[in-house]
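Have the viewer open as you read.

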Amino acid sequence: MAKNNPFLTAQKQIDLASKYLEIDHDLVEILKEPQRVVEVALPIRMDNGKIKIFRGFRSQHNNYRGPYKGGIRFHPDVNIDEIKALSVWMTFKCAAVGIPFGGAKGGIIVDPHKLSKAEKEKLTRAYVDKIFEFIGPYKDIPAPDVYTDGQIMSWILDEYNHISREHNPAVVTGKPVAVEGSLGRDTATSMGGVIVLDKLLKRIGIERDKASVAIQGFGNAGANVADILYHQGFKIVAVADSKGAIVSRNQIDPHALVEHKKKTGSVIGFESTRTVSTDEFLKLDVTVIIPAALENVFTAENADSVKAKVILELANGPSTIEADEIFHKKKILVIPDILANAGGVTVSYFEWAQNLSRDYWTLEKVESRLQEVMSSSFETIYEKSLQHSITMRVAAFVVAMERILSSINLRGNGN
Ligand code: NAD
């Protein structure tokens, strides 16, 4: 089994938190395995006329608190253990912020940058065909994740409605507004992260205009968080994407960086910056570092040299168990993924509710409800961490697990 297997990390996180539960323990085992994992083969006729077979997965971890919910990732390194772990974190995330969904995740092993638009559409539709019976507005609702976007969500919507012969916009979230997406969904993950970051910095007495920030990943989560923080007076000093990392002595303007990335395909070579290695990037002496790309960024090997005071985990699973222990000892505060990036699923929930009620909200309403959910979730989790002197990750798992287990206790576990 691969080193730093994210599924084993997720199971260990459940064990660590179960020590602090105030309710019945013996149902915890139920949460360590997904309820269903589907694996599909997707034969696609490529533009060159040849058939190529892709592999896809959908892991449905738990649906005691509501329909399964979770994104779909298109990435060459997708594997079953990664998808299972991501589905566990979705269940815990929804429960940690009190959203009435369970957890799921999907993925296809593919580098979408190497596909034409027509090939990407065929692959998406083939995936929906294969998992059709398992998804639906009250069963399992997909959304975007790494290297998937509003266009792919629109094809999912279209294919599902085509097969079901019904108009079912609530089968998928993260849709563009033109196909019944929600206002504010694009920026929701980052906005949610900024709300909880702001609350933590106030608690520990750090002012925004004194805070420097490094961001790893410059896609939906990373580029949007850069933009919001920049406009709030934070100083963005370093950014990394899949091609490399850049550091500036002054401040990076995220808007100009987006333009540069559009033109050149990466953040490298942006004006007044120098290129650094990933290793150097992670050790930068900044106030806040924001992983917003993939798993296993902080490990036993590098956690000790991290100098940031706060880690805002917009990515899922960026820290291993060993890294967490080191951060706890070094008093580096980690706002854990299941809280930090929960703004995305929160506004996905708003989108789903709007689709079902056919009543569409203003941006103000979306943002004020997001503010309420993220602020109160932060307070509950932060207080729990102080109460037991535990990390915010363990506290978030405790809060979530108590909610999930209460539901299982009341409903019965189906045996
Ligand atoms: P995205 O596809 O929009 O962007 C991914 C970014 O990561 C790209 O800029 C890419 O260049 C960069 N990247 C890839 N490999 C990298 C590497 N090795 N080093 C540095 N950068 C690298 O994806 P996204 O939606 O922004 O998702 C990023 C993370 O946030 C994922 O962990 C995802 O699960 C999590 N997340 C996203 C959402 C959402 O609403 N989009 C919600 C919750 C959590």
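Into which domains is the protein divided? There is domain 1 (28-170) and domain 2 (188-340), with bounds that come from an automatic or database domain assignment. Their C-alpha centres lie 27 Å apart. Across the boundary, 13 residues of domain 1 are in contact with 9 residues of domain 2, where contact means heavy atoms within 4.5 Å.

A word on the ground rules: this is a predicted model, in which local features need pLDDT of at least 70 and side-chain atom pairs count only at pLDDT 80 or more, while totals for chains, interfaces and linings use all residues. Residues are numbered from 1 along each chain as its sequence is written, and side-chain values use heavy atoms, leaving out hydrogens and water.

Next, a pair of helices. Helices (H or I, at least four residues) and strands (E, at least two) are DSSP runs, numbered from the N terminus. Helix H1 (residues 6-18) and helix H13 (residues 392-411) have axes that come within 9 Å and cross at roughly 80°. That makes H1 roughly perpendicular to H13, a label for angles of 65 to 115 degrees. The axes here are lines fitted to C-alpha atoms over the stretch in contact, and angles run from 0 to 180 degrees between N-to-C directions. From H1, Gln13, Ile14, Leu16, Ala17 and Ser18 meet Arg393, Val394, Phe397, Val398 and Met401 of H13. The residues of this contact divide into 7 nonpolar, 2 polar and 1 charged.

Arginine 393, found in helix H13, deserves a stop of its own. At 4% relative accessibility, arginine 393 counts as buried (under 20% relative accessible area, with exposed over 50% and partly exposed in between, using a 1.4 Å probe and protein chains only). Its side chain makes a polar contact with the side chain of aspartate 324 at 2.5 Å; such a contact is a pair of N or O atoms within 3.5 Å, one able to donate a hydrogen and the other to accept it. Not counting residues up to four places away in sequence, arginine 393 touches several residues, including Gln13, Glu313 and Pro336.

Finally, some backbone angles to check. Most residues other than glycine have a negative phi. Tyrosine 147, however, has a positive phi near 60°, and glutamate 180 has one near 70°. Tyrosine 147 is found in the loop between strand E5 (140-144) and helix H4 (150-164), and is partly exposed at 34% relative accessibility. Glutamate 180 is found in the loop between H4 and helix H5 (188-204), and is buried, with a relative accessible area of 16%.

Notes:
Angles under 35 degrees count as roughly parallel, over 145 as roughly antiparallel, 65 to 115 as roughly perpendicular and the rest as oblique. Ala, Val, Leu, Ile, Met, Phe, Trp, Tyr, Cys and Pro count as nonpolar, Asp, Glu, Lys and Arg as charged, and the others, Gly among them, as polar.
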